[in-house]
Amino acid sequence: MEKLEFSRVGERMYHEKLANGLNVFVFPKPEFQKGYAFFATNYGGMDMKFCLDGQWHQSPAGVAHFLEHKMFEDEDGNALQKFARTGASPNAFTSHTMTAYHFSCTDRFEENLKILLKFVFTPYFTDENVEKERGIINQEIRMVEDTPNWEVFVGAYEGLYRNHPVRVSIPGSEESISHITPELLYTCHRAFYSPKNMALVVCGTADFEQVCRMAEEIS
C-alpha cells in the first residue's frame with residue numbers, strides 16, 4: 001500500500017496495485033455524507049486499431065461508446081435499475097481516450113460498488129439487445145450532429161489532424177455502427193476491459209482495505 005499526503009491542499013490518498021493489475025485509489029473523507037466511485041478503462045473513441053493475442057484488429061468508429069451503453073445490461077436485469085433500488089445516482093461517459101462509469105450515494109456504498117464492479121466486468125451481448133441499442137445510438141448520433149457546438153468541436157479536430165483517429169467523432173456514424181456485432185463487442189471488451197488497463201477511484205468514508213478486497217474478488 002502506498003500512502004500520499006498532499007499537505008498544501010489538505011488531502012490524503014491511498015493507492016494499491018492489486019495482483020490482477022488493477023490500480024485502486026481511495027481518498028478518505030470522513031466528513032462526507034456521500035460516497036463516490038469512479039471506474040475507468042483506457043479505451044476511448046480513438047482506439048480503433050488494437051492487438052489482442054498477437055492478432056491486429058481494426059474496429060469501426062463508435063465501438064467504445066457503444067460498449068459504454070451496453071455494459072449496463074446483464075442477464076439478470078439492468079444495472080441502472082439495481083442502482084435505482086439502492087438510491088444511488090449512476091452515470092457513464094466516453095471520451096477520445098477513456099470510458100468511465102461512476103456513481104454517488106448516501107448509503108449502501110459497498111452494495112453499490114459491487115454492482116459497479118460486476119456489470120463492468122460481466123459483458124452480456126445478444127443480437128437482439130445490440131440491434132435495439134443501435135437504434136438508440138443512431139438517434140443520439142442524429143441529435144449531436146444537429147448540435148452546432150458539437151459540429152464545431154469535431155470540425156476542429158478534423159482540421160488539426162489529417163490521419164490521427166482523434167479526428168473521428170466519438171459515437172461514430174450511423175454507417176460505422178451498423179457493422180457492430182456482439183462478437184466484436186466481446187472482442188473489444190476482452191482487449192480493453194482488463195484490470196491491468198483500468199483504475200478504480202473511491203472518495204468518501206469507504207474502508208480502503210475493503211474496497212481492495214471487493215475489487216480483487218469481483219475482477
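Colleague: Is glutamate 11 buried, partly exposed or exposed, and what is its relative accessibility?

Modeller: The model is a predicted one. In it, glutamate 11 has a relative accessibility of 25% and therefore counts as partly exposed, since that class lies between the buried limit of under 20% and the exposed limit of over 50%.

Colleague: With which residue does glutamate 11 form a salt bridge?

Modeller: The general idea is a distance criterion: a side-chain nitrogen of Lys or Arg must be within 4 Å of a carboxyl oxygen of Asp or Glu. Glutamate 11 meets this criterion with lysine 29, their closest N and O atoms being 2.8 Å apart. The pair links distant parts of the chain, 18 residues apart. Glutamate 11 belongs to strand E2 (residues 11–17), whereas lysine 29 sits in the loop between strand E3 (23–28) and strand E4 (35–41). Lysine 29 counts as buried, at 11% relative accessibility.

Colleague: How many salt bridges does the structure hold by this rule?

Modeller: The count comes to 10 salt bridges. One of them joins the side chains of lysine 3 and glutamate 5, at 3.6 Å from N to O. Lysine 3 is partly exposed, with a relative accessible area of 45%.

Colleague: What separates arginine 134 and glutamate 131 within helix H4?

Modeller: Arginine 134 and glutamate 131 are 3 residues apart in helix H4, which means that about one helical turn separates them. These two residues form a salt bridge, with 3.1 Å between the closest N and O atoms. As for accessibility, arginine 134 is buried at 11%, while glutamate 131 counts as partly exposed at 47%.

Colleague: Which residues form the negative surface patch?

Modeller: A patch of this kind gathers like charges on residues that have over 30% relative accessible area and no salt bridge. Here the negative patch consists of Glu145, Asp146, Glu151 and Glu158. Glutamate 145 lies in helix H4, which spans residues 127–145.

Colleague: How many disulfides does the structure hold?

Modeller: The structure holds 0 disulfides. A disulfide requires two cysteine sulfur atoms within 2.5 Å. The closest cysteine sulfur to that of cysteine 105 is in cysteine 203, at 12 Å, and this is too far for a bond. Seen from cysteine 203, the closest cysteine sulfur is likewise that of cysteine 105, at 12 Å. Cysteine 105 is itself buried, with a relative accessible area of 4%.

Colleague: Where is the place of threonine 106?

Modeller: Threonine 106 is in the loop between E10 and H3. Threonine 106 is exposed, with a relative accessible area of 56%. Sequence separation and spatial distance should be read side by side. Threonine 106 and glycine 204 are 98 residues apart along the chain, and their C-alpha atoms are separated by 9.8 Å. Proline 60 and cysteine 105, by contrast, are 45 residues apart along the chain, with 36 Å between their C-alpha atoms. Proline 60 lies in the loop between E6 and helix H1 (63–70) and is buried, at 18% relative accessible area.

Colleague: Is phenylalanine 83 buried or exposed?

Modeller: Phenylalanine 83 is buried, with a relative accessible area of 1%. Phenylalanine 83 lies in helix H2 (residues 79–86). From phenylalanine 83 to isoleucine 218 the sequence separation is 135 residues, and the C-alpha to C-alpha distance is 17 Å.

Key
Residues numbered from 1 in each chain as written. Predicted model: local features only at pLDDT ≥ 70, side-chain atom pairs only at ≥ 80, totals over all residues. Heavy atoms only, no water. Patch = residues over 30% accessible without salt bridge, like charges linked within 9 Å, V, L, I, M, F, W, Y side chains within 5 Å. Areas by Shrake-Rupley, 256 points an atom, 1.4 Å probe, with all protein chains shown as cover. Lys, Arg positive; Asp, Glu negative; His and termini not counted. Charge placed at Lys NZ, Arg CZ, Asp CG, Glu CD. Helix = DSSP H or I, 4+ residues; strand = E, 2+ residues; numbered from the N terminus. Buried < 20%, exposed > 50% of the residue type's maximum accessible area, 1.4 Å probe, protein only.
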